Amino acid sequence: MSIDLKAAQNFTSVLSEALPYIQKFAGCTIVVKYGGNAMIDEELKQSFARDIVLLKAVGINPVVVHGGGPQIGDLLERLNIESKFVDGMRVTTTETMDVVEMVLGGLVNKEIVSLLNQVGGKAVGMTGKDASFIQAEKLVITSSSPDLQKSEIIDIGHVGKVKSIDTSYIDLLVKSDYIPVVAPIGVDEKGQSYNINADLVAGKIAEVLNAEKLILLTNIAGLQSKEGKVLTGLSTAQVDALIADGTIYGGMLPKIGCALDAVKNSVKSAHIIDGRVAHATLLEIFSDQGVGTLITNEAI
Ligand SMILES: NC(=[NH2+])NCCC[C@H](N)C(=O)O
């Protein structure tokens, strides 16, 4: 059989394009928020696992934070427990929190750990309860009722926000070449569990770890202009302007808020990438073009 020279050349040019990035990011921490389609589609799951293990193999330290909303919804449905949402957040009663903890910390977390380990990684799963590493507090939300002209506090139960993160456990794992896989559950000083948005947890972990990158795998091609063109590189000031003029709105706002906060604090760049594309993580980190939107503090 003769060698396909063209394919071989393509392959080597791809590898060669990756070299400066492998050199630049070796030893760095990259926090990857894993969610959406990439977590459901079999082929995308495999490609994600290989990407993460490959990062580790070339000396980059990935930390994975995952979501699991649809899986929680599925089990609640099977158990005949009604799902209620306020502002896109799941109303989490004590009964619901048990299910959240079982699904996120058990089923989903261990599936990801196992996926990574099957392709040769050394992944270790945990929730913020392990070593109490994510301290949480209750998220208080208010709604203004139009007729009363005043705001009311709405109780959405065990939904939390991050109060503080102790990185010593993650550090220990990373130093020993393990890949931490974090389920977004926090704990308060009384041992109470909280369900926390995974983008938020990923952003905060990236901040406290002084990560090089925060990568958010999404179901979109990236941030888009009003005309629908993907904006491949933006400064934080440009993102602020896109929020102010309404180009970025609705459901995307909390996600972009997490990315912005991370970059405005200590993370070098945040990437909103297209998780529907196989090997999106590798493409973003090791190619010049990437597969989505890169946000940095520098003017672009
Ligand atoms: N969406 C983009 N414009 N990505 C460019 C990525 C460039 C480079 N691979 C990096 O990770 O820093």
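Biologist: At what angle do helix 3 and helix 4 pack?

Modeller: This is a predicted model: local features need pLDDT of at least 70, side-chain atom pairs count only at pLDDT 80 or more, and totals for chains, interfaces and linings use all residues. Residues are numbered from 1 along each chain as its sequence is written, and side-chain values use heavy atoms, leaving out hydrogens and water. Axes are lines fitted to C-alpha atoms, for helices over the stretch in contact, and angles run from 0 to 180 degrees between N-to-C directions. The axes of helix 3 and helix 4 (residues 94-118) lie 9 Å apart, and the angle is about 125°.

Biologist: How is helix 3 oriented to helix 4?

Modeller: Angles under 35 degrees count as roughly parallel, over 145 as roughly antiparallel, 65 to 115 as roughly perpendicular, and the rest as oblique. The angle here therefore makes helix 3, relative to helix 4, oblique.

Biologist: Which residues make the contact of helix 3 with helix 4?

Modeller: Contact means heavy atoms within 4.5 Å. Helix 3 brings Gln71, Ile72, Leu75 and Leu76, and helix 4 brings Thr96, Val99, Val100, Val103, Leu104 and Val108.

Biologist: How many residues of that contact are nonpolar?

Modeller: Ala, Val, Leu, Ile, Met, Phe, Trp, Tyr, Cys and Pro count as nonpolar, Asp, Glu, Lys and Arg as charged, and the others, Gly among them, as polar. The contact of helix 3 with helix 4 has no charged and two polar residues, and its nonpolar count is eight.

Biologist: How are helix 6 and helix 8 oriented to each other?

Modeller: Their axes are 9 Å apart, at an angle of about 5°. Helix 6 and helix 8 are therefore roughly parallel.

Biologist: How many charged residues does the contact of helix 6 with helix 8 have?

Modeller: Asp199, Leu200, Gly203 and Glu207 of helix 6 meet Lys255, Cys258, Asp261 and Ala262 of helix 8. Three of the contact residues are nonpolar and one is polar, and the charged ones number four.

Biologist: What orientation does helix 7 have to helix 8?

Modeller: The axes of helix 7 (residues 236-244) and helix 8 come within 11 Å and cross at roughly 155°. That makes the pair roughly antiparallel.

Biologist: Which residues of helix 8 does helix 7 touch?

Modeller: On the helix 7 side, the contact uses Thr236, Val239, Asp240 and Ile243. On the helix 8 side, the partners are Leu253, Ile256, Leu260, Val263 and Lys264.

Biologist: What is the volume of the largest pocket?

Modeller: On a 1 Å grid over the protein atoms alone, a cavity is a set of points where a 1.4 Å probe fits but cannot get out; a pocket is an open set with protein on both sides within 12 Å along at least five of seven lines, and lining residues have an atom within 4 Å of a point. Grid points are joined across faces, edges and corners, and a volume is the space filled by probe spheres set on the points. For the largest pocket, that comes to about 1,000 Å³.

Biologist: Which residues are closest to the centre of the largest pocket?

Modeller: The lining has 37 residues. Closest to the centre are Lys33, Gly88, Asn197, Ala198 and Asp199.

Biologist: Which helix gives the largest share of the lining of the largest cavity?

Modeller: The count is three cavities of 30 Å³ or more, and the largest holds about 50 Å³. Helices are DSSP runs (H or I, at least four residues), as are strands (E, at least two), numbered from the N terminus. Four lining residues, the largest share, come from helix 2.
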